[in-house]
Amino acid sequence: SQDKRSSADLSMFLWSNPFVPKYLPKLSFIDGVQVNDSYVFFGDGTLVTINMKIGAVTSIQSPFGSRMGFAMTSNNTDRIFIIGGYVKQTDEYYNDIWQYELFLNKWTNLTKTISCREFQSRCEHVAVYDDNKIYVFGGRSRKNFLNDVSIFYLTTKKWNVLKLDKSPPPRSLHSAVMIEKSIIVLGGHNQQTVFNDVNVFDTNT
């Protein structure tokens, strides 16, 4: 049956503020992923891990500092990845990939010793993980909006920037999820358009 409670009552029913037994830093320009029983958030150069099952909170500073417009994804078991982004103070865009191993408490720059020239520096892109690969779509570098699909192979530490005959319009600030073997991309914008479309990229083809 339909809920007869007022909107105020329903808001209290849907939202809660769980007790977290440690001070949480104030973060902005933040993104997050779920890894096993934990929620991992990154923003303002700080990685925060919250295990809601046992009420544990940890935080660690990144070796690369604070960024805006980075992409974040995980392998769903023990590693998270921060891809690219932008530093306003230096007007610098990045195309690197940083890996954080939760159980080892360890940061690694996966692209430190390889050439990343084929993968353009960017911000406001999306990234999803599947089968030891990181897929990146779109974003922008200054006013140059992108619509490329790039794949980073974690086993070989190499990029493959796909050359496709047909792609969605260039965009940034969109969203994406991986469902089975398909990447679902929703929305975003460029200098001309705010999008309300849905695009599906089949990673099997």
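**Entry 1: Asp197 and its partner**

I began with Asp197, which is partly exposed, with a relative accessible area of 22%. The model I am reading is a predicted one. I then looked for a charged partner and found Arg171: the two side chains meet in a salt bridge, 2.8 Å from N to O. Where do Arg171 and Asp197 lie? Arg171 is in the loop between strand E12 (158-161) and E13, and Asp197 is in the loop between E14 and strand E15 (198-202), so the pair ties together parts that are 26 residues apart in sequence. Is Arg171 buried or exposed? I found a relative accessible area of 0%, so Arg171 is buried. Asp197, at 22%, is not under the 20% cut-off for buried, so I noted this residue as partly exposed.

How many salt bridges does the structure hold? I noted 9. One of them joins Arg67 to Asp96, with the closest N and O atoms 2.8 Å apart. This pair also links distant parts of the chain. Arg67 sits in the loop between E4 and E5, while Asp96 belongs to strand E7 (residues 92-101), and 29 residues separate them. I checked burial as well: both Arg67 and Asp96 are buried.

Next I looked at Asp131 and Lys133. Their side chains meet in a salt bridge at 3.5 Å, N to O. Lys133 has 16% relative accessibility, so it counts as buried.

**Entry 2: The largest pocket**

I turned to open spaces. The largest pocket holds about 580 Å³ of space. Its lining has 28 residues, and Asp31, Phe70, Ala71, Met72 and Ala127 are the closest to the centre. Which elements give two or more residues to this lining? I listed strand E1 (31-35), strand E5 (71-74), strand E9 (126-130) and strand E13 (175-179). I sorted the lining by class: 16 residues are nonpolar, 9 are polar and 3 are charged.

**Entry 3: The second largest pocket**

The second largest pocket has a volume of about 300 Å³. I found 18 residues in its lining, with Ser38, Thr49, Thr58, Leu102 and Phe103 nearest the centre. Strand E3 (46-51) and strand E4 (56-61) each supply at least two lining residues. Which element gives the most? E4 does, with 5 residues. By class, this lining divides into 9 nonpolar, 8 polar and 1 charged.

I searched the whole structure for cavities of 30 Å³ or more and found 1. The largest cavity has a volume of about 30 Å³. Which residues line the largest cavity? I wrote down Val126, Ala127, Val128, Tyr135, Val136, Phe137, Ala176 and Ile183. E9 and strand E10 (133-141) are the elements that give two or more residues to this lining. The class count is 8 nonpolar, no polar and no charged residues.

**Entry 4: His125**

I looked up His125 next. Its place is in the loop between strand E8 (106-109) and E9. Is His125 buried or exposed? With a relative accessible area of 6%, His125 is buried. Its side chain reaches the backbone oxygen of Ile83 at 2.8 Å. Leaving aside neighbours within four places in sequence, I found His125 in contact with several residues, among them Phe70, Ala71, Ile83, Val136, Phe137 and His174.

**Entry 5: Ser182**

Ser182 lies in strand E14 (residues 182-186). What does Ser182 contact, beyond its neighbours within four places in sequence? I found Val177, Val200, Phe201 and Asp202. I also compared Ser182 with Leu154: they are 28 residues apart in sequence and 19 Å apart in space, C-alpha to C-alpha.

**Entry 6: Two positive phi values**

Last, I checked backbone angles. Most residues other than glycine have a negative phi. Lys157 has a positive phi of about 60° although it is not a glycine. Lys157 lies in the loop between strand E11 (144-153) and E12. Its relative accessible area is 28%, so Lys157 is partly exposed.

Leu173 also has a positive phi, near 60°. I found Leu173 in the loop between E12 and E13. Is Leu173 buried or exposed? Leu173 is exposed, with a relative accessible area of 53%.

Terms used. Residues numbered from 1 in each chain as written. Predicted model: local features only at pLDDT ≥ 70, side-chain atom pairs only at ≥ 80, totals over all residues. Heavy atoms only, no water. 1 Å grid on protein atoms, 1.4 Å probe; cavity = no way out; pocket = protein on both sides within 12 Å on 5 of 7 lines; lining within 4 Å. Points joined across faces, edges and corners; volume = space filled by probe spheres on them. Helix = DSSP H or I, 4+ residues; strand = E, 2+ residues; numbered from the N terminus. Nonpolar A, V, L, I, M, F, W, Y, C, P; charged D, E, K, R; others polar. Contact = heavy atoms within 4.5 Å. Salt bridge = Lys/Arg side-chain N within 4 Å of Asp/Glu carboxyl O. Buried < 20%, exposed > 50% of the residue type's maximum accessible area, 1.4 Å probe, protein only. Polar contact = N/O pair within 3.5 Å; in protein donor to acceptor, adjacent residues only side chain to side chain.
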